[in-house]
Amino acid sequence: MNFSNSEKLFEEAKRISPGGVTSERQPSKFIPGKYPIFLDHGKGSHVWDVDGNEFIDWICSYGPLVLGHNNENVDNAVVENIKNGFCFTMFHPIHNTLINKLLEIMPWAQMAKILTSGSDATAAAIRIARVYTQKDKVIRWGYHGWHDWSYGGAGTDRTAYGVPKSAVSDVLTFDYNDLDSLEKVFNKNKGSIACVIMQPFESSKELPKEGFLEGLKKITHENDAVLIFDEIRSGFRVALGGALQYFNVTPDMACFSKAMANGYPVSVVIGKKDIMLPSQKTRISATFFPNTFPMVAALATIKELQDRNGIEYMWEQGRRLVEGFESMINDFGIEAEMAGLPVIPMLKFLYDDPDKNDKARNVFFSDVAEKGILLHPTHHWFLSLAHTKKDVDDTLNAAESGLRKVKKI
Ligand SMILES: Cc1ncc(COP(=O)(O)O)c(C=O)c1O
C-alpha cells in the first residue's frame, strides 16, 4: 500500500502543530509505514485514506462510532437541527429531553449534567464528589482523560510531562481486582477520600473477579466516599447503560461520552440526586455545553441503538470475531489471547520474550493492514452496528494469513 499523501501531510502537520497529530493518532501508536496517517472519508464500517486505500475500520475513532461512519439518521437530524441555530445563550428544551431519556435508560440515577468531552465529564464528576463530601482526595484507576488531575502519576504508566506534582498530590491509586490494596489506601488516608473513580473493566487488562465490583462499592461507602464509574468507553456498547448494567453493580455517579452520539461531542455525568444536587454551588460551566446538535445526535443515536437491538447485534458479531480469532490461535498454537469483552476486544500476544512479542505484533498487524483491515495493534477494537457479517468474515480471513506468518517467526 502506498501512503505518500499521508506522509506528506504528516510532514506538514509536524511543522505547524506539535507532534503533527495528537498522541493517540500518531504513526508510532500503530505500525509506522503500514497504517494511514490521514483519512479522507468513511461510510458505514469502511474508511478511505488520503491515498485512496480502503479499510474495514475496527478502531472507530477509539469508540464513538457505534453506528458507523456517516449514519444518515443521526447526520440528517443534526443537519435539520443546525438550520435552526444551535449555539444559544439560554438552554434549549432538547436538554431536558435528552436527560429524561438517559434517566429512563439508567433508572438507578435521578439527575444528570450534560457536557462536551469525556475529560469534561470525569473532571466534573470528581468536582461534584468533592463538593458533596467536602473532602479532597481521589482514588482512581485507569484512564480518565488528559486533564492535570488524571494524566500521569496514579494509575497510569505515563510520564506526567507538564503536570505539576501538586496537581496530582491528592490523587491516589490501587491495584485492580485487589480489594486489600484499595482498603490500604483508604486506611492510610482516613476521612479524606472524596471518591473512587474507575472503569468497571479495561479490555487490555483482566475482567473483574467475582465480587470485586461489589466489594469495591462496599469499601467505598464504608469510608463515606462516592463511587464513580467511568463508562466513557463502555457506555452504549457493552450495554446501553454501560458495563455497570452488564456487571449489575450501580455506582453513585457515572460518566458517559464516546458512543453516546456516534461521534458528535457530548458527555454526561449521571447519578444520585443527593450527591449531584450540592454541585449547583460550584461552577461546572463551559461555552459549548448548551449546544443543541450533539444532544440531537445523542437522541438519534440512542433511538437507533434501541430500534435495531444494537447492543445484541454488536455482541453477536463481536462473539463471531473473537471466537474466530480464538480458534485460529488455538489451531496454530500461537501464544496469544483475545482479551476484554466481545464488543471491545483486543488481541494480545503473550510471548515471554518481549522482542518476540513486538515482532509478532508487527508481523500480524502489518499483514492485516495490507489486506485493508484496520485493527489497533496496542489498544482494543470497537464493534459497531455498521460491521457486517462479511466484515467479520473478511477480517478473519485476513487474520488467518497474519497468524500463519506469526507462527513462522
Ligand atoms: C475511559 C475513558 N475515560 C475518559 C476519557 C476521556 O475522554 P475524552 O478523550 O473525550 O476527553 C477516555 C478517552 O479515551 C476514556 O477512554
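Which helix gives the most residues to the shell around the ligand? In this predicted model, that helix is α4, spanning residues 118–133, which supplies three residues to the shell. The shell around the ligand holds 13 residues, and among these Ser117, Gly118, Ser119, Gly145 and Ile232 come nearest. By class, eight residues of the shell are polar, three are nonpolar and two are charged.

The protein chain is divided into two domains. Domain 1 is made of two segments, 4–70 and 309–407, whereas domain 2 covers 73–307. A distance of 27 Å separates the C-alpha centres of domain 1 and domain 2. Where the domains meet, 19 residues of domain 1 are in contact with 18 residues of domain 2. On the side of domain 1 that touches domain 2, at least two residues each come from helix α11 (310–332), strand β11 (336–341) and strand β12 (344–349). This side of domain 1 has 13 nonpolar and six polar residues, and no charged residues.

Two helix pairs were then examined. Two packed helices are described by the angle between their axes and the distance between the axes. In the pair formed by α2 (residues 72–82) and α10 (residues 292–307), the axes come within 9 Å and cross at roughly 150°. Angles over 145 degrees count as roughly antiparallel, so α2 is roughly antiparallel to α10. The crossing of α2 past α10 is right-handed. On the α2 side, the contact is made by Asn73, Val74, Ala77, Val78, Asn81 and Ile82. On the α10 side, the contact is made by Thr292, Phe293, Val296, Ala297, Ala300, Thr301 and Glu304. Sorted by class, the contact of α2 with α10 has eight nonpolar residues, four polar residues and one charged residue.

The second pair consists of α12 (residues 354–370) and α13 (residues 389–407), with axes that come within 8 Å and cross at roughly 150°. This angle makes α12 roughly antiparallel to α13. The crossing of α12 and α13 is right-handed. From α12, the residues Ala360, Val363, Phe364, Asp367 and Val368 take part in the contact. They meet Ala398, Ala399, Ser401, Gly402, Leu403, Lys405 and Val406 of α13. The contact of α12 with α13 comprises eight nonpolar, two polar and two charged residues.

Key
Residues numbered from 1 in each chain as written. Predicted model: local features only at pLDDT ≥ 70, side-chain atom pairs only at ≥ 80, totals over all residues. Domains from an automatic or database assignment. Contact = placed C-beta atoms within 7 Å. Helix = DSSP H or I, 4+ residues; strand = E, 2+ residues; numbered from the N terminus. Nonpolar A, V, L, I, M, F, W, Y, C, P; charged D, E, K, R; others polar. Near = placed C-beta within 6 Å. Axes fitted to C-alpha atoms, helices over the stretch in contact; angles between N-to-C directions. Parallel < 35°, antiparallel > 145°, perpendicular 65-115°, else oblique. Left-handed = near helix turned anticlockwise from the far one by under 90°.
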